[in-house]
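The entries follow the order in which I looked things up.

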Amino acid sequence: MAQVVLKRLLATIPVLLLVTAGVFALLHLTPGDPIDAMMAESVDATVKESLRRELGLDRPLPVQYAAWMARLLRGDLGRSIRNGEPVVDNVGRRIRPSLQLAAMAMTVSLLIAFPLGIVSAVRRNRAPDRVGTTFALFGICMPNFLLALLLIFLFGVTLRWLPISGYTDPLEDLVDGLRSLALPAITLGLALAAVVTRTLRSSMLETLAEDYVRTARAKGLSEARVVRRHVLRNALIPVVTVLGLQLGTLVGGAVITEYVFALPGVGRLVVDAVFARDYPLVQGVVLLIALAFIVCNLVVDVLYGWIDPRIR
Amino acid sequence: MISRMSRRGFLQLCAAASALHPSLARAQAPRKGGTLRVGFYIEAATMDPHLSGSKIDRQIYHNIYEPLVTLDVKLGIKPGLAESWQQPDPKTLVFKLRQGVKFHDGTDFTAEAAKFNFVRMKTETKSVRKGELANVDSVDVVDPFTLRLNLKKPDAALLATLTDRAGMMVSPKVVQERGGELERNARGAGTGPFEFVEWVKDDHILLKRNDGYWSRQGGPYLDRVRYRPIPDDTVKLQSLQAGEIDVMDYVQPRDVAAVKADKNVVVLDVPSLADFAYQLNHTRPPFSVKALRQAVAYGLDLEQIVKGVWLNVGVPANGPIPPTSWAYDKSIPFIKRDLARAKAKLGEAGKPGGFSFTMTTNNLPINVQEAEVMQAQLAEAGISMKIKLVDGATLISEGNAKSFEMISYQWSGRPDPDGNVYQFFKTSPGTSLNWSGISNAQLDALLDRTREVSSPAERKKLYSEVTKILQDELPMVFIVHPIEPKAFSPRVQGYEAIPDGMMRFKDVWLRSS
């Protein structure tokens with residue numbers, strides 16, 4: 001197993017190189033300039049030029065990329081152009097809300113998807129299945145921003161049960177923290193639950209038709225035991241794949257949800273940085289998001305082996 | 001007022017806004033205490049007024065820092081940290097400074113401190129104030145409370161410039177001891193009615209009352225002011241309606257009608273200094289031809305745009321100077337739509353069948369709507385306009401590079417007309433806000449005159465002449481002077497609306513609900 005993990009880690013190096021070079025090229029090919037964006041209403045060309053020189057933005061692109069790489073190899077992601085603080089600090093501030101939101105959204109989706117997916121498969125084409133598939137269709141079709149606004153309107157404005165926007169760290173104030181993350185977690189969790197429900201249902205239906213399930217039933221095992229021991233476990237692989245991929249998206253890609261709920265997460269950080277043409281910040285965050293995806297995939301692969309020993 | 005607004009109506013509105021809003025100034029004794037929660041659309045960039053290039057920063061500065069002179073509700077200039085000022089000759093400005101003012105760190109505000117600030121703004125590498133103070137040659141301390149600015153040439157707009165960041169005084173001790181940190185932490189740095197407490201990035205900025213504030217009149221009353229960025233307009237509005245915030249900086253035109261119907265929200269129409277316009281590139285075809293610029297101007301129906309796109313949250317613009325300004329000439333009408341004239345101009349330019357061009361604009365809902373309406377209007381004149389949507393950074397780079405034909409330009413405005421005019425239309429090689437590339441000797445001479453004469457009446461005449469030339473030469477097509485409505489919880493009392501849009505909370509207090 002250790003060897004597999006090591007091999008996979010080594011294979012990520014070219015991936016990361018490609019990602020950073022691609023992002024670097026795209027960013028610099030996009031029109032716009034960080035200094036102009038920062039000082040939109042100032043006409044002082046000499047100040048802008050001296051700032052550009054100070055930041056090394058006047059050098060040829062390959063030189064800039066090489067300099068960035070050289071610093072990266074020393075573990076330095078550089079500083080944000082806009083606020084002058086190290087990229088690591090910028091990300092550090094933003095990663096905590098993102099991880100907490102991802103964890104809560106994941107929990108919400110699992111709490112919904114597992115019962116619903118299992119019941120849908122076992123009671124196929126009957127009332128519970130209809131409810132399950134209808135919910136899944138709704139969750140997949142509903143755009144995030146619309147669901148978010150509807151939830152805000154219902155729970156924030158009308159009922160006033162939950163705060164509308166903003167972030168409190170649950171590690172500092174558990175109750176307020178969970179309340180501040182509740183609506184965004186439901187927004188993201190519902191969509192994810194819909195995908196997971198459908199995946200689990202179809203995967204279980206496939207497994208239910210397997211010979212060994214018939215054998216298990218023939219042995220006289222109770223239906224509950226058959227479902228739990230023989231069907232569910234074997235149906236988990238596609239579900240874990242979906243969850244692994246979605247976890248990466250939840251951490252780095254929850255832009256709209258973060259935007260609507262004014263959550264200071266990584267997704268908004270990178271989008272704002274793109275608009276500001278804050279090159280080092282975009283590069284740093286994209287690199288870290290790519291790493292997060294790689295780690296998630298690695299964890300998924302390891303889980304495969306745990307779920308299904310044949311894969312090891 | 002929502003349904004239809006004439007220029008007269010707008011001017012009346014300006015007058016009404018200059019008085020306190022009725023529901024914001026009930027006859028009740030101000031009460032100390034409470035936290036005012038303010039919602040903003042983005043996060044601040046820096047706490048150092050000398051390094052700031054972003055509008056949102058100024059909102060916070062006007063409560064922490066104080067400029068030498070400040071604006072009154074009619075954009076007149078009144079004493080700030082300077083009690084009075086004199087201009088013994090056009091190239092000298094002498095300020096008598098207020099005594100007994102202390103920075104939040106306990107040090108005294110003196111002429112030495114003021115000089116330190118001017119020197120810093122003019123020499124610090126990262127200073128963004130150099131352009132604004134370009135005409136200041138040197139600064140002398142005459143006595144501990146008298147400061148003299150020696151100018152390179154007469155600059156009638158300088159005093160108005162000193163009502164904002166370029167006139168804001170920062171504690172020299174704070175700069176010397178923790179200069180680099182000032183961008184993130186302004187503790188002790190200002191003299192204003194509120195002191196900086198903390199800035200939790202992406203979350204909030206907290207200020208507290210300065211109990212040692214030098215003025216004994218009025219506030220500060222509030223215990224604390226807490227600023228929060230809420231990027232989504234709809235959510236920000238809902239936060240106000242639900243009582244999570246007490247103030248929001250700007251209500252989108254599309255929301256104004258609904259918010260005015262809501263009893264839990266008080267809306268204040270604040271006429272702004274801004275103009276929304278389009279620059280036409282004089283340096284390349286098609287708009288190097290004057291008749292084609294005129295054809296576009298005659299093809300547009302500003303009234304329809306202001307009504308349909310801006311929902312009358314603004315007035316059609318006759319030029320760069322907003323109706324809030326003393327220099328605004330209401331006798332000059334905005335350019336009316338005249339399709340026959342537009343077609344005649346096309347013929348004059350040798351394009352009787354029309355022509356086509358590309359317009360570059362910001363990819364924001366209101367810009368896109370405006371572009372679509374313009375496209376339809378110009379089509380009726382036989383002009384085909386292609387729309388190119390870009391993000392803010394691209395827009396600026398295309399403007400600076402003059403790689404556009406027509407480009408949208410949104411200027412937040414400056415209290416002195418100079419800030420809305422000079423840098424846009426004065427011949428200037430290299431990078432400047434003169435994206436259109438206009439270079440007109442008569443205009444240049446007039447623009448220089450506006451800085452040299454000091455009598456407002458005479459300057460106003462000059463600006464009227466400038467406006468007329470601009471309507472003929474058309475470096476820019478001006479569309480609208482927007483109103484920037486702000487919304488409050490009914491608890492908020494005592495807010496005074498200054499047309500620069502900055503929210504000063506010194507005299508604001510919270511009614512017990």
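**Entry 1. The interface.** I looked up the contact between the chains and found 36 residues from chain A and 35 residues from chain B; two residues are in contact if their C-beta atoms, placed from the backbone, lie within 7 Å. I note that the model is predicted: local features need pLDDT of at least 70, side-chain atom pairs count only at pLDDT 80 or more, and totals for chains, interfaces and linings use all residues. Residues are numbered from 1 along each chain as its sequence is written, while chains are lettered from A and ligands numbered from 1 in the order in which they are written.

Helices (H or I, at least four residues) and strands (E, at least two) are DSSP runs, numbered from the N terminus. H7(A) gives the most to this side, with four residues. By class, I recorded 19 nonpolar, eight polar and nine charged residues on this side of chain A. Here Ala, Val, Leu, Ile, Met, Phe, Trp, Tyr, Cys and Pro count as nonpolar, Asp, Glu, Lys and Arg as charged, and the others, Gly among them, as polar.

Entry 2. I examined H7 (residues 144–158) of chain A against H6 (residues 233–241) of chain B; they pack at about 5° with their axes 11 Å apart. Axes are lines fitted to C-alpha atoms, for helices over the stretch in contact, and angles run from 0 to 180 degrees between N-to-C directions. H7(A) is therefore roughly parallel to H6(B) (angles under 35 degrees). From H7(A) the contact uses A:Leu149, A:Ile152, A:Gly156 and A:Val157, and from H6(B) it uses B:Thr234, B:Val235, B:Gln238 and B:Gln241. I counted these contact residues as four nonpolar, four polar and no charged.

**Entry 3. Chain A overall.** I found 13 helices and zero strands in chain A. Of its 312 residues, 36% count as buried, that is, with 20 or more other C-beta atoms, placed from the backbone, within 10 Å of their own. The C-alpha atoms of chain A fill a box of roughly 85 × 55 × 35 Å along the principal axes.

**Entry 4. A sheet in chain B.** I traced an open, antiparallel sheet of four strands in chain B, in the order S4-S5-S7-S6; strands pair if DSSP finds at least two bridges between them. S4 (82–86) and S6 (136–143) of chain B are at the edges with a single partner strand each, so one side of each has no neighbour in the sheet. S6(B) pairs with S7 (residues 146–151) of chain B over six bridges, and B:Val139 has B:Leu149 in S7(B) as its bridge partner. I also saw that H3 (residues 111–123) of chain B lies across S5 (92–97), S6 and S7 of chain B, at about 165° to S6(B).

**Entry 5. Helix H12 of chain B.** B:Lys402 follows H12(B) and has a positive phi, near 55°.

Terms used
Angles under 35 degrees count as roughly parallel, over 145 as roughly antiparallel, 65 to 115 as roughly perpendicular and the rest as oblique. A residue is buried if 20 or more other C-beta atoms lie within 10 Å of its own, exposed if 12 or fewer, and partly exposed in between; C-beta atoms are placed from the backbone.
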